[in-house]
Amino acid sequence: MRAACIDIGSNTTRLLVAESDPRRPGALLEVAAHRAFVRLTAQERRHGVPAEKVQAIADAVAEQALAARAHRVEALRVVATAALREAPGRDALIDRLSAAAGVPVEVLSSEEEARLAFAGATATLPPGGGSVVVADVGGGSTELAVGTPGEGVRWWASLPIGSGALADAHLHDDPPSAAQLAAARADARAAVAAAGCPQADVAWAVGGSATSLRRLCGPQLSAASIDAALGRLAGRPAFEAALDLELHVERVRLLPAGLVLLAEIARAADCALQVGGGGLREGIVLDLLAELRYT
């Protein structure tokens, strides 16, 4: 069986087509993946998405839905997160994107987003064991979930900042100045502290920022590797780093904010921070495959 998810976020619209891995329980075999970088700024999310951005997102969704069906998926779910959760004119925008997808677009609640990201990040971990915090850093918000693999989430929170929101608020120069990074760090620390994230044995970072950071820091985001990555990013213009890392230049502009936010989450949870191999999309595909098996 094969299923697909399209995730409409504040920074990217991403497709995952996958099927169950018969060799590893809970694991997925990726069939296809695609991403389109269409970033919605904090101002656009608050005051309305301009027509050209609506068209760009609709085009990305239509292309990705077509690609999913070309891979003969048995189920397709299209979801939107903080990008559209509170956007002005949300209903009309969702109708437009649903028409492009050929299926209804669902706007996930913060709680559902946190649950699914936790499920996707911990699916291949053995049941029981230590406490895990999953940090899903998006553009407009960050979902935190704490629980135990196999037992699910026991605590969650949604932070009203993400890599895009933090960058829009503080990182105005290219590259950002030390003072701007310090202001972003203070904002991130206050948001994480307000959420009251419990301590855990390990933290898993998922989402677009985390995936991109793997190229800078490797699979583990230690304090030293985060500081080194910030040094590399803050020492040159974004377009130079984008060429070196083979990433979209707008993604690179957001990476310092993502690094700062993840560093504060790891500090609050008082544990090592790993880059997760799965997240929201994987959690949704796992749910779809489970539904297919029982129907």
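Predicted model: local features only at pLDDT ≥ 70, side-chain atom pairs only at ≥ 80, totals over all residues.
**View 1. Asp-168 pairs with Arg-39 in a salt bridge.** Here the closest N and O atoms sit 2.6 Å apart. This one links distant parts of the chain, since the two residues are 129 residues apart. Asp-168 comes from helix H6 (residues 163-170), while Arg-39 belongs to the loop between strand E3 (28-37) and helix H1 (42-47). Asp-168 is partly exposed, at 27% relative accessible area, whereas Arg-39 is down at 13% and so counts as buried.

**View 2. Arg-85 and Glu-113 meet through their side chains.** The N to O distance in this salt bridge is 2.4 Å. Arg-85 is part of helix H3 (residues 82-85) and Glu-113 part of helix H5 (residues 110-122), so the pair ties together parts 28 residues apart in sequence. With 17% relative accessibility, Arg-85 counts as buried; Glu-113, at 6%, is buried too.

**View 3. Glu-44 and Lys-53 form another salt bridge.** Their side chains meet at 2.9 Å, N to O. Glu-44 has a relative accessible area of 15%, so it falls in the buried class.

**View 4. Glu-240 sits in helix H10.** That helix covers residues 238-245. Glu-240 is partly exposed, because its relative accessibility is 35%. Val-252 is 12 residues away along the chain, and the C-alpha atoms of Glu-240 and Val-252 are separated by 9.5 Å.

Definitions and conventions: Residues numbered from 1 in each chain as written. Heavy atoms only, no water. Helix = DSSP H or I, 4+ residues; strand = E, 2+ residues; numbered from the N terminus. Buried < 20%, exposed > 50% of the residue type's maximum accessible area, 1.4 Å probe, protein only. Salt bridge = Lys/Arg side-chain N within 4 Å of Asp/Glu carboxyl O.
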